[in-house]
Amino acid sequence: MIVAENVSKRFGTRSVLEHLDLQISPGAVTLLVGANGAGKTTFLRIAVGLARPDEGTVRIREVDVSRNFVEAAARFSFLPQAPRFNPRLTSRQILAFYARLRGRTLDAVEEAEDLWGVGDHRDVTSARLSGGLRQRLALAVFSLAPVSVLVLDEPGLSLDPEWRERLQQYLSQRAKEGATVLVATHLLGEWEGRVDRCVVLERGRVSAELSPDRLRAEFSREPHWASPSEDVPSR
Amino acid sequence: MSIPAASTVVAATLQREWLSQRLNRFFYWHVGLLVICGLSTLIAPPEAAARGAAWWILQVVLFAISMSSLLLGLSSSHAELDEMSLLQTHPVSNRSWTTGKALGLLLITFPTALLLVLPAALSQGPAWLLVGVAAAAGGVSGVFSLLGLALGAWIRDPVRGLISAVALWLGLLVGTDLLLLLTAGSEFVQSHPRVWVLPLMLNPLDAFRITVLFTVEHAAFTGLQAGGLTEWWLHHGGVWLTSCLAAWAILAWLIATAGTARRPDA
């Protein structure tokens with residue numbers, strides 16, 4: 001479970017999150033949506049310890065992320081937006097490194113390679129991987145962690161439809177097994193029928209919850225937060 | 001749920017550093033420079049050769065190896081920047097990560113410094129003098145690679161990082177000496193010579209220079225009988241250089257750890 005209480009964050013004079021309260025339950029895929037600048041990525045970064053809140057706390061399975069980061073980090077796995085790697089390392093070397101940090105064996109590495117289709121590129125340096133392959137490598141790293149809290153920031157942006165579908169199936173399966181899954185995305189139409197809950201963030205606060213089965217209709221109906229902008233893929 | 005032991009993180013990071021350096025052009029430049037400079041001791045001009053391989057290696061370390069080591073460390077730090085947002089969400093302490101990187105760099109720079117003296121040792125026969133100079137050169141090289149690591153952890157823009165590295169190198173190579181030259185004649189310095197000597201002792205390049213010239217090579221210098229701090233230094237050059245380099249290495253490691261701990265929004 002992820003629990004955010006009274007979380008605020010400012011960048012200079014601009015307030016990005018304002019006294020945000022949010023609870024993400026286990027056993028469900030929760031979508032976090034909102035316009036650019038709504039605070040989605042900032043919230044996720046605070047939730048996984050990449051940024052500190054000015055006020056409030058985020059707890060992951062009862063552990064305060066800001067106060068006890070290492071212990072909290074052992075409880076979640078995070079997929080950043082457009083992940084990049086040390087350009088001099090091969091896919092296999094990167095996976096082996098993270099597997100060691102997560103206490104996993106080479107078998108787990110091979111399993112992750114098979115799951116995300118990066119096995120054929122194991123000896124290719126990350127600098128030479130395409131955007132989609134890099135994203136799948138990041139997903140392989142992401143899935144190596146033996147944890148039950150999964151946080152993903154725009155996971156489908158570089159993936160083709162087939163791999164997006166596989167990702168959604170993977171996350172649904174993990175949620176069915178009891179994992180807490182939180183996904184921030186612009187591509188909410190694609191998640192229709194695949195999520196259990198959809199939270200709308202507007203100006204740093206939770207402004208609404210959408211029906212998970214009517215995401216496409218809701219997307220086109222809400223001009224404030226859903227109007228496509230330059231970095232929202234055209235639909 | 002598992003938190004890896006610090007030793008696991010250090011070992012994994014060390015291995016990662018080595019694998020990463022295998023494709024680092026700065027590493028090959030560094031090794032190439034060591035080989036060329038080592039071989040050049042065999043073809044040095046007669047007057048330089050007469051002063052011995054140690055004198056030649058001193059110049060090479062001051063003007064080339066220190067710089068290439070600094071760039072090696074800087075490039076090592078910058079290679080990881082893109083991945084930090086993924087790495088920093090793993091249950092890994094910044095201290096263990098930086099220790100792994102630092103040990104990886106030291107294990108690369110220290111042994112490779114042997115390449116500087118290998119040709120001379122093979123042609124003239126092994127000598128303790130050369131072993132001492134190689135160890136000192138390895139120490140200087142290691143410290144500068146850690147300074148590069150620290151610089152890269154704080155200055156994340158590659159161009160600014162490069163400019164800062166050159167500025168730091170110039171500052172340590174000639175900055176201290178120029179400052180001391182300018183202040184040498186002042187009344188205060190004349191009456192407090194220790195204050196004047198201390199910056200020289202604390203600068204790793206000057207400490208290396210003085211140690212090789214006066215302790216290893218035993219160059220003639222009236223300061224040997226000067227008394228006070230200068231005399232102590234010159235008679236304990238090896239011990240002082242070792243302590244000075246160890247202190248700089250620890251300082252660089254601390255700065256690198258603090259820099260790594262900074263989150264992107266800090």
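Modeller: Buried area is the accessible area (1.4 Å probe) that two parts lose on being put together, summed over both. This is a predicted model, where local features need pLDDT of at least 70, side-chain atom pairs count only at pLDDT 80 or more, and totals for chains, interfaces and linings use all residues. Residues are numbered from 1 along each chain as its sequence is written, chains are lettered from A in the order in which they are written, and side-chain values use heavy atoms, without hydrogens and water.

Colleague: What is the area buried between chain A and chain B?

Modeller: Carbon and sulfur atoms give 61% of the buried area. On the side of chain A, A:Arg88, A:Arg100 and A:Leu101 lose the most area to chain B, together 24% of what that side buries. The area for chain A and chain B is about 3,200 Å².

Colleague: Which residue of chain B forms a salt bridge with A:Arg84?

Modeller: A salt bridge is a side-chain nitrogen of Lys or Arg within 4 Å of a carboxyl oxygen of Asp or Glu. The rule finds one across this interface. The closest N and O atoms are 3.4 Å apart, and the partner of A:Arg84 is B:Asp82.

Colleague: How are H2(B) and H4(B) oriented, roughly parallel or roughly antiparallel?

Modeller: Helices are DSSP runs (H or I, at least four residues), numbered from the N terminus. Angles run from 0 to 180 degrees between N-to-C directions, with axes fitted to C-alpha atoms over the stretch in contact; contact means heavy atoms within 4.5 Å. Residues 25-40 and 53-79 of chain B pack at about 170°, with axes 9 Å apart. Angles under 35 degrees count as roughly parallel and over 145 as roughly antiparallel, so H2(B) and H4(B) are roughly antiparallel.

Conventions:
Helix = DSSP H or I, 4+ residues; strand = E, 2+ residues; numbered from the N terminus. Parallel < 35°, antiparallel > 145°, perpendicular 65-115°, else oblique.
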